[in-house]
Amino acid sequence: MNRRIYLSPVGNVVEETLTVTARFISEMFGFDAVRHTSFPEPDFAFDVRRGQYSSTLILQNLTKVCPPDAVRFLAMTEADLFIPMVTFVFGQAQLSGKVALVSLARLSQDFYGLPGNNDLKIHRAWKEVAHELGHTFGLVHCRDRSCIMSLSTEILQIDLKSEDFCQGCWAILSEELAAQNVAFRRGHLEMRNKVVETPR
Amino acid sequence: MKMQWEILVVDDEEVMRESLVAWLREDGYGVDSAASGRDAIERAREKDYAIYFIDLKMPGGIDGIETMMEVKKIRPEASIIIITAYATVDTAISAMKEGAQEYIVKPCNPKEISILVERIINVKNLQLENTILRQKLAKRYSFRDIISKNPKMQDIFELVKEISSLKSTVLVQGESGTGKELIARAVHYSGDRASKPFVSVSCAALAETLLESELFGHEKGAFTGAVAQKKGKFELADGGTIFLDEIGDISPKLQMDLLRVIQERTFYRVGGTEELTVDVRVIAATNRNLAEAVAAGTFRDDLYYRLNVINIQIPPLRERREDIPLLVRSFMDRLSHELGKETDDITKSGLKLLIDYSWPGNVRELENAIERAMVTCKTRVLTDEDFAFLEQNGSRKQAWNVPDNLPLQEVEKRVIVATIKRTGGNIKEAASVLGIDRSTLYDKIRKYEIER
């Protein structure tokens, strides 16, 4: 049975970020997380007027190159993403689909004029990765503000929510994973100890 | 209580449309999309969306505002959110005047969309909850389409349940418009005869010979025009219930015939020789005081006693004013659907006016007043001004000079003649204006020999 989640950078992404995220995905969702092809900077999706990249166009392109044996296909980028209706998005995913995209641009302290903190950036990235992959497994936004599936429209909301699914979302996710014959390992709780504490 | 509210996103730009659809789906809403105003209108006809996101500028065909107005015609309850760019904010504000609930300027802060939709959905959930609670309240105080929390009416409901499966004759008494036929139907449909026919006859609407033929049927050739055999209402009601409205108005001969049917359960068709047997429960109704008619010798006492086995006296509306708010809500709910009007509320002062009014035509007059007010009302809320015609009627009565030496019956006759003339001979409308039942009006037309 196919049990791989593929992970690709779109444009330049620090290799270590990809490596630890792959491990995180594997621990969290129980699939093998495999580093996949690097894609060039997404110039085709650049909107000159907004100075940002169209998340929808990148996602459309990724769908075309999604490996056929992929359970899920996750791409990470340093590009600042947008959809036409809103000023920015932290990421975008196909609800109950295969492809998800996460932007690291606004997860970095530098973006807010603060001293850089790579561990914190990775920590935030994991939450976003779990959130977007959660959408691909059919989960919608959760009203529980501490649940990883709650909607985050500000960086503070990402920092404040836990890196875990609430019981309701966990039940739906584990049902979905069980259907694909994968045990929900929840090993990410051990992983959490390896990164810095979230600033209060 | 919570329900899945559906959203329709209308935009000609695919990326814009699909990204907003995806965003809303991630929020857990059921979302469809339409690529043009025409497509949106088609979809509105097929499905009841709670919220429409409509882009203001859509090239070719119909634009956002036109789309909104068409959708509003089909789905007046829908909430419309106009999507606009900074350059067209002014137009979006005019769209609000045309009925848009909100407008959103793109690109907006990500949290704005979710907050906006959540706010609208919360209001819709509250409206739904309100509707359900009102329905529950109406159900609690209703019995077979009759709404009342009045203790006397509640006693009647209990009595109806108790007697529904008996065969005993029932006499329903009450003023015009109190709902005598509704009570008769409640008796029939609550009992063992519910699956059998309920046949209603207005005894005042027909001349004596016609009524006789109507009740008992006739044989071919029984009289001029009897070209074929015809079954009467008693035969048609076999196994079920016959409701004889305005029983106080029937002739002495028919009183005797009826007595025979009720006693023997047998009768002859007009011009017939074969004795027919039926199993019919008789429920009679009148707005007259039959006991007085018996005392005056105009109504047979033996028939009166046969009819009056179970007596139900319906109180007039002025004696159960506590029911007026419930009835008003019930009529408004029904009429808003029937008339396709958005009017769904009434001000406190409007309701007070209705509670204080005397309602000589009882519940029927109240229903007519609500319908008339809703037809002319231009807003969602009925006010006391919408019921000005009730006050006008009242003041007209006060200002009216009572003619000298005019018998009361002559006054009634003149009022009826004038009303029929004003309604162009429309008896239904004239009865409504006079606040009396059609059969009562027919009775009075015959009594005063009024030409129509």
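Predicted model: local features only at pLDDT ≥ 70, side-chain atom pairs only at ≥ 80, totals over all residues.
β15(B) has another neighbour to mention. Strand β8 of chain B, residues 170–173, runs parallel to β15(B), and four bridges join the two. There, B:Leu171 is partnered with B:Ala284 of β15(B).

How many of the six residues of β15(B) are buried? Six of six, so to speak of cover, the strand, residues 281–286, is mostly covered. In a regular strand the side chains alternate between the two faces of the sheet. In β15(B), B:Arg281, B:Ile283 and B:Ala285 point one way, while B:Val282, B:Ala284 and B:Thr286 point the other way, and all are buried.

Staying in chain B, next a helix pair. α6(B), residues 151–163, packs against α7(B), residues 180–190, with the axes 8 Å apart and an angle of about 40 degrees. Angles under 35 degrees would count as roughly parallel, and the two helices are therefore oblique to each other. The crossing of α6(B) past α7(B) is right-handed. On the α6(B) side the contact is made by B:Ile156, B:Val160, B:Lys161 and B:Ile163; α7(B) contributes B:Ile183, B:Ala186, B:Val187 and B:Ser190.

Now chain A. Here five strands make an open sheet with mixed pairing, in the order β2-β1-β5-β9-β8. Which strands stand at the edges? They are β2(A), residues 32–35, and β8(A), residues 91–93; each has a single partner strand, so one side of each is left without a neighbour in the sheet. On average, neighbouring strands of this sheet are turned by 20 degrees against each other, direction ignored.

A:Ala93 stands opposite A:Ala100 of β9(A).

Two helices of chain A pack on this sheet. α1(A), residues 15–29, touches β1, β2 and β5 of chain A, and its direction makes about 155 degrees with that of β1(A). α2(A), residues 55–64, touches β1, β5, β8 and β9 of chain A, at about 140 degrees to the direction of β9(A).

Last, which residues of α2(A) are buried? They are A:Ser55, A:Thr56, A:Ile58, A:Leu59 and A:Leu62. These cover an arc of only 160 degrees around the axis, which puts them on the same side of α2(A).

Methods:
Residues numbered from 1 in each chain as written. Chains lettered and ligands numbered in written order. Pairing = 2+ DSSP bridges. Axes fitted to C-alpha atoms, helices over the stretch in contact; angles between N-to-C directions. Contact = placed C-beta atoms within 7 Å. Buried ≥ 20, exposed ≤ 12 C-beta atoms within 10 Å, placed from the backbone. Arc of directions from axis to C-beta. Parallel < 35°, antiparallel > 145°, perpendicular 65-115°, else oblique. Left-handed = near helix turned anticlockwise from the far one by under 90°.
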